[in-house]
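Please open the model in a viewer and follow the selections below in order. Each stop names what to select and then describes what is found there.

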Amino acid sequence: QIADDTAPDDCLTALIREQQANLKFPLPDAEISSQITTLMAAGHDTTAYFCCYAALMLAKHPDIQDQLRAELLDDPAAFDFATSLLKRVVQEVLRLYPVIPMVTRVAAKTASLPTADGASD
């Protein structure tokens, strides 16, 4: 039983909390297992792509690489990800090389949207 009210740090905890909170329609254990397996499999490729692009960008910018190395080797107790160079590097790599550049969706059913004058198409 997970009763902590803080935001979960991981997907498994979030899924278990949802299972415990939703007594009317709880998530079956098999569904939680399936979701975690999917997340791990999907996360492997995206993480690998990100690491490759991060290495490429740091190789192209040795001055940033040196600053980042110094930051990471500095006092671990004083490290603050929110204001770190590491966070800025991660965000910039993902901006330049998004690991999922486009998500396409297909409507499950036909829909009519109103035009500017309120008429349906």
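Begin by selecting Y49, Y53 and L56, which form a nonpolar surface patch of about 280 Å². A patch gathers residues with over 30% relative accessible area and no salt bridge, like charges being joined within 9 Å and nonpolar side chains (Val, Leu, Ile, Met, Phe, Trp, Tyr) within 5 Å. Accessible areas follow the Shrake-Rupley method with a 1.4 Å probe, and for residues only the protein chains shown count as cover. The model is a predicted one, in which local features need pLDDT of at least 70 and side-chain atom pairs count only at pLDDT 80 or more, while totals for chains, interfaces and linings use all residues. Residues are numbered from 1 along each chain as its sequence is written, and side-chain values use heavy atoms, with hydrogens and water left out.

Remain on L56, which is located in helix α2 (residues 29-60). Helices (H or I, at least four residues) and strands (E, at least two) are DSSP runs numbered from the N terminus. With a relative accessible area of 34%, L56 is partly exposed; buried means under 20%, exposed over 50%, and partly exposed in between (1.4 Å probe, protein chains only).

Next, display α2 together with helix α4 (residues 85-96). How far apart are the axes of α2 and α4, and at what angle do these helices pack? The axes are 10 Å apart and the packing angle is about 105°. Axes are lines fitted to C-alpha atoms, for helices over the stretch in contact, and angles run from 0 to 180 degrees between N-to-C directions. The two helices, α2 and α4, are therefore roughly perpendicular to each other. Angles of 65 to 115 degrees count as roughly perpendicular, those under 35 as roughly parallel, those over 145 as roughly antiparallel, and the rest as oblique. To view the contact, select F50, Y53, A54, M57 and L58 on α2, and V89, V90, V93, L94 and L96 on α4. Contact means heavy atoms within 4.5 Å.

Now centre on V89 in helix α4. Is V89 buried or exposed? V89 counts as buried, at 12% relative accessibility. Leaving aside residues up to four places away in sequence, V89 touches L58, I64 and L68. Between the C-alpha atoms of V89 and I64 the distance is 8.6 Å, although 25 residues separate the pair in sequence.

For the next stop, show the salt bridges, of which the whole structure contains 2. The criterion is a side-chain nitrogen of Lys or Arg within 4 Å of a carboxyl oxygen of Asp or Glu. In one, D66 pairs with R69, with the closest N and O atoms 3.2 Å apart. Both D66 and R69 lie in helix α3, 3 residues apart, or about one turn of the helix. D66 is partly exposed at 44%, and R69 is partly exposed at 43%.

The other joins E92 to R95, with the closest N and O atoms 2.7 Å apart. E92 and R95 are both in helix α4, again 3 residues apart, about one turn of the helix. E92 is partly exposed at 34%, whereas R95 is exposed at 56%.

Finish at P98, in the segment after α4. P98 is partly exposed, at 37% relative accessibility.
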